[in-house]
Amino acid sequence: MQHVYFLADTHFGHGDKILRFRPQFSSGVEHDRYIVSQINAVVNPTDTLVLAGDIVITEAGWESLAAINCQRIILVPGNHDGERIRIPTELYYKVVGVYGFDLKFSSTERLGCVVTHIPMHPSCLDRWDVNIHGHLHDESIIDPRYFCVSCEQLNYTPISKLELKRILEWKYEKIKQLK
């Protein structure tokens with residue numbers, strides 16, 4: 001069975017500069033390898049992985065992205081993607097501005113979800129029920145309509161769409177009240 005997973009803020013190729021924000025790693029190389037190993041431990045080659053921004057910071061980061069076993073990777077660019085390097089032409093078909101999908105709880109109840117890197121302004125959530133995002137790293141927005149998938153929030157391990165559904169199910173009534 002194919003699954004969909006989400007993760008943001010991998011910062012592949014950031015080098016030792018990432019240690020300022022993620023001091024638990026001894027080097028940028030260890031950082032990148034650890035995140036790749038966490039991804040490969042849960043995401044199968046036939047699954048889909050949605051990376052919600054700040055994915056690859058420098059050329060060195062492309063090696064880490066290529067080391068992910070998953071063949072279906074959707075890139076939602078973040079504010080640092082393309083800042084120092086361009087996305088290779090062969091990856092353009094995988095790049096989307098936002099990624100939208102539905103989480104169905106029953107035949108009549110569903111949540112419309114949108115994946116962005118930077119959280120959307122609440123006034124832009126009129127078309128969507130939940131904004132799955134990155135960018136905030138270890139910060140959170142106290143609003144049931146937002147779910148941060150930054151590496152720091154998820155122990156550097158992608159979250160599955162099924163697990164996301166389970167978490168959002170108990171927030172369902174609060175989310176619907178805010179619409």
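1. Helices (H or I, at least four residues) and strands (E, at least two) are DSSP runs, numbered from the N terminus. In these terms, His137 is placed in the loop between β6 (130-133) and β7 (146-148). The model is predicted, with local features needing pLDDT of at least 70 and side-chain atom pairs counting only at pLDDT 80 or more, while totals for chains, interfaces and linings use all residues. Residues are numbered from 1 along each chain as its sequence is written, and side-chain values use heavy atoms, with hydrogens and water left out.

2. Surroundings of His137. Contact means heavy atoms within 4.5 Å. Apart from neighbours within four places in sequence, His137 is in contact with Asp9, His11, Arg22, Cys148, Ser150, Glu152 and Gln153. The side chains of His137 and Glu152 are joined by a polar contact of 3.0 Å (a pair of N or O atoms within 3.5 Å; within protein, one must be able to donate a hydrogen and the other to accept it, and residues adjacent in sequence count only if both atoms are side-chain atoms).

3. Cysteines. A disulfide is a pair of cysteine sulfur atoms within 2.5 Å, and a search of the whole structure finds 0 disulfides. The closest cysteine sulfur to that of Cys148 is in Cys151, 9.8 Å away, which is too far for a bond. Cys148 is buried at a relative accessible area of 9% (buried means under 20%, exposed over 50%, partly exposed in between, with a 1.4 Å probe and protein chains only). Cys113 is likewise buried, at 0%.

4. Two strands pair if DSSP finds at least two bridges between them. An open sheet of 4 strands runs in the order β3-β2-β1-β8, with mixed pairing. Its edge strands, β3 (72-76) and β8 (159-160), each pair on one side only. Strand β2 (residues 48-52) pairs with β3 in the parallel sense over 5 bridges; Leu49 stands opposite Ile73 in β3.

5. Asn69. This residue lies in the loop between α2 (61-66) and β3, and Asn69 is partly exposed, with a relative accessible area of 39%. Not counting residues up to four places away in sequence, Asn69 touches Asn40 and Pro45.

6. Aromatic rings. Rings of Phe, Tyr and Trp (its six-membered ring) pair if their centres lie within 6.5 Å; planes under 30 degrees apart count as stacked, over 60 as edge-to-face and the rest as tilted. The count by this rule is 5 aromatic pairs. The ring centres of Phe25 and Tyr34 are 5.6 Å apart and their planes are at 55°, so this pair is tilted. Phe25 is buried at 8% relative accessible area, whereas Tyr34 is partly exposed at 30%. Phe6, Tyr99 and Phe101 form one aromatic cluster.
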